[in-house]
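Dear colleague,

Please find below the structure that I am handing over to you, followed by an account of what was found in it.

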Amino acid sequence: MCAVQAGTVLPPRRQPGHSQQLAAPTAAAVTSSSRSWRRWHQVAQGSLAPRPLSPLRRMRSVCELALHPQQQPKRMAHSAALLTSCFALLLSIILWSNVRAGCRAEAMALAADGGAEALGMLGGSDAGIGSELPGGGSMEQQLREQQQRVRDLEIILADERSEAQTIRFERASLVREKEQAEQQRQEAERDKQVLLTEAQSALYADSLVMGHLIRANRTALKRDWQARLAGQRQRGIVLSAGSTLPLTNAFITLHVLRNHLKCALPVAIMYWGASKADTVDNSSIAFFKEHLRDVEFINASALAYPDYHRPLSPDLPNGAFQGWKVKVFSIYAAPFQEVLYLDSDSTPLLDPSTLFATEQYRRFGNLFWADFYAGDVPWIKAEKLFEILKVESPWSPARGPKTARQAETGQLLLHRGWHWEVLEWLLFLNTHDEVTYRTAHGDKDTFRAAFHLAGRAGMYQQVAHYPALTLTDTVVKERRYHQRGVVQLHPNGSLLFHHKAGPLGKFDLQRLEPIPATTHVTARASADLGTACVFSGSLVNEAIGGMYEKQVQKGSGQVLLVTPSTCNYTMYDWPASQAACAPGYDQNLPGTTQKLPIFEVTPTSHLARAEAAAEAAFNLMESSRIWGPEILTVFGTWGPDV
């Protein structure tokens, strides 16, 4: 422990406050260390001040005095006390080093052995086990305190190691769980792709069977359709609504039609009664008939489902037959020969019965409206549907640039007598929703695909005017104009339908805040995501969300505000107003490369008047509602929106 050669004698340490002369060193000391001798001589002559001893050098001196007690007999008592301090300090250093190294067992053993060694070395001196030390307290007491500190350090170290081990274990578990989750996700994705590929192959194979069935039984099928249509009224409006939110918006749409627009077309509301989420109770039916005339409720699940479709329908009609499928079956089994179908939240702004007299409908027996998108977008792969069915796509490279718009089927006209074969294919495609809805994003372009499969692709008609957006000015920094919905135009250019597809558009009886008013309408939107998302943070489509916000932020698009004071415009001829007030805007160019004109909605416009009528209908519902213990009892139960 103390590195001192036997027989070596060091000069005695000068004690503070004493001026006694240093004794001459022995010859052995001079021989062992000439450097120490020279320093001692200089100190003795007064030419060099004595150097203060560090704690370790002081310990070494004490150890040397203990090894050679015969040369310093008068200092034994003091040396014993210093020796005790030497061993106590040395034990602390050794114990702490062993604890830091993780040698807990060795530390405890050293504590026991070191204490015994220190006591043994003092056995021949005047300092006993119970002797008082300079610092106060006996050596035994100080040793116990040292051992207690060691045990405390052992406990702290054990806790820290246990906590560290727990953290390492949890981290390793999280890493393993993450790896397992990623592996499961990849396996699920592979399984999904396998199942999807199989479903796509099955759809094509079933389409071949369906085509053969229709061709082989064309005469009989046509006769059945003629018999079915013979006893029906000629024209009417069809909606599919059974749950609370669709029923609420259906009442508002029909109330505007009957009481504001004075439309006299009969109405059929279809619902799937086999599904609890789509059931309409008697009190809801009574409320509708009290305030609306010529409205019929039909339980579509109680109607005959064509038997020849069942072997080819992976999802047979049952309690889960809902949503877009109910919509398509409502058109297939409608009680009218010619159908104007409306989503419950697609409110007319003008009397829609004039559509049946348009040249386009009279020639082709159908009329559809365009969506914003031409060709595929990330969440709609309509082109893939045509590829699976192996029919020519309107977006195929052979047709040149992709200019054909996808369909927005919140409203449509169809002559069921002319296009019964299209309806057969339409029902077939929508019961294969595991493929068709993944590609067409619902029923949208299944109508166009059905025309192609029926060999009538040239008869499919879409209104030439592209849609516009309705906005509400929320006056919120960087997200000022929020979308309420989509405006579709009459073939003559008037604003005709307000399809409230945005989250701020639908009327909801359980909504606490008031429905915001439509304050602006955009020009006819281009086939670019910029018009449907964000124009430099000014225009936001919350229905789509921020999914494509980064793409749009790369552009430099801005909005061009048009007011009656800056330009004279009318909503009865939207293309002409757009050309007069925003002549530089081109709806066929990307939205992020030009300013999007937005027109202020004046209180006297037919859009504002229809909005006011819709608000009045909603207030009527609110004043008449009857609440059950948990849910509304007048307006049905909650269910999927259609």
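At a relative accessibility of 7%, S207 counts as buried, because the cut-off for a buried residue is under 20% relative accessible area. S207 belongs to helix α6. Leaving aside residues up to four places away in sequence, S207 touches L389, W425 and F428.

**The protein as a whole**

Please bear in mind that this is a predicted model. The protein has 642 residues, of which 47% count as buried. Its secondary structure consists of 19 helices and 16 strands. Among contacts with a separation of 6 or more, 74% are between residues 24 or more positions apart.

Helix α7 covers residues 218-230, which makes 13 residues. From its first C-alpha to its last it reaches 18 Å, close to the 18 Å expected at 1.5 Å a residue.

Which residues of α7 are buried? They are L221, W225 and L229. These residues lie on the same side of α7, because they cover an arc of only 65° around the axis. The face turned away from that buried side carries the exposed residues T219, A227 and A230. The buried residues of α7 are covered by elements that include α6 (139-216), α10 (324-332), β4 (336-342) and α13 (420-430).

Together with W272, Y305, F329 and Y332, W225 forms one aromatic cluster.

**Aromatic pairs**

How many aromatic pairs does the structure hold? The count is 19. One of them is formed by F368 and Y460, which are stacked, with 4.9 Å from centre to centre and 20° between the planes. This pair links distant parts of the chain, since its members are 92 residues apart. F368 is in the loop between β6 (366-367) and β7 (370-374), and Y460 is in the loop between α15 (446-453) and β10 (468-473).

Are these two residues buried or exposed? F368 counts as buried, at 1% relative accessibility. Y460 is buried as well, with a relative accessible area of 10%.

**The disulfide**

A disulfide is a covalent bond between the sulfur atoms of two cysteines. The structure contains 1 disulfide. It joins C567 and C581, whose sulfur atoms are 1.9 Å apart. The angle about the S-S bond is -80°, and the link of C567 and C581 is left-handed.

What does this pair tie together? C567 lies in the loop between β15 (559-562) and α18 (574-581), while C581 lies in helix α18, so the pair ties together parts that are 14 residues apart in sequence. C567 counts as buried at 15% relative accessibility, and C581 is buried with a relative accessible area of 12%. Another cysteine, C263, counts as buried at 0% relative accessibility.

**Some residues in loops**

L504 lies in the loop between β12 (495-499) and β13 (520-522). Its relative accessible area is 16%, so L504 is buried. The C-alpha atoms of L504 and T472 are separated by 8.5 Å, and these two residues are 32 residues apart along the chain.

K262 has a phi near 60°, a positive value in a residue other than glycine. K262 is placed in the loop between α8 (244-260) and β2 (267-271), and it is exposed, with a relative accessible area of 57%. H441 has a phi near 55°, again a positive value in a residue other than glycine. H441 lies in the loop between α14 (433-440) and α15. With a relative accessible area of 35%, H441 is partly exposed.

With kind regards

Terms used. Residues are numbered from 1 along each chain as its sequence is written. This is a predicted model: local features need pLDDT of at least 70, side-chain atom pairs count only at pLDDT 80 or more; totals for chains, interfaces and linings use all residues. Side-chain values use heavy atoms; hydrogens and water are left out. Rings of Phe, Tyr and Trp (its six-membered ring) pair if their centres lie within 6.5 Å; planes under 30 degrees apart count as stacked, over 60 as edge-to-face and the rest as tilted. Helices (H or I, at least four residues) and strands (E, at least two) are DSSP runs, numbered from the N terminus. Buried means under 20% relative accessible area, exposed over 50%, partly exposed in between (1.4 Å probe, protein chains only). The expected span of a helix is 1.5 Å times one less than its number of residues. The arc is that of the directions from the helix axis to the C-beta atoms. Contact means heavy atoms within 4.5 Å. A disulfide is a pair of cysteine sulfur atoms within 2.5 Å.
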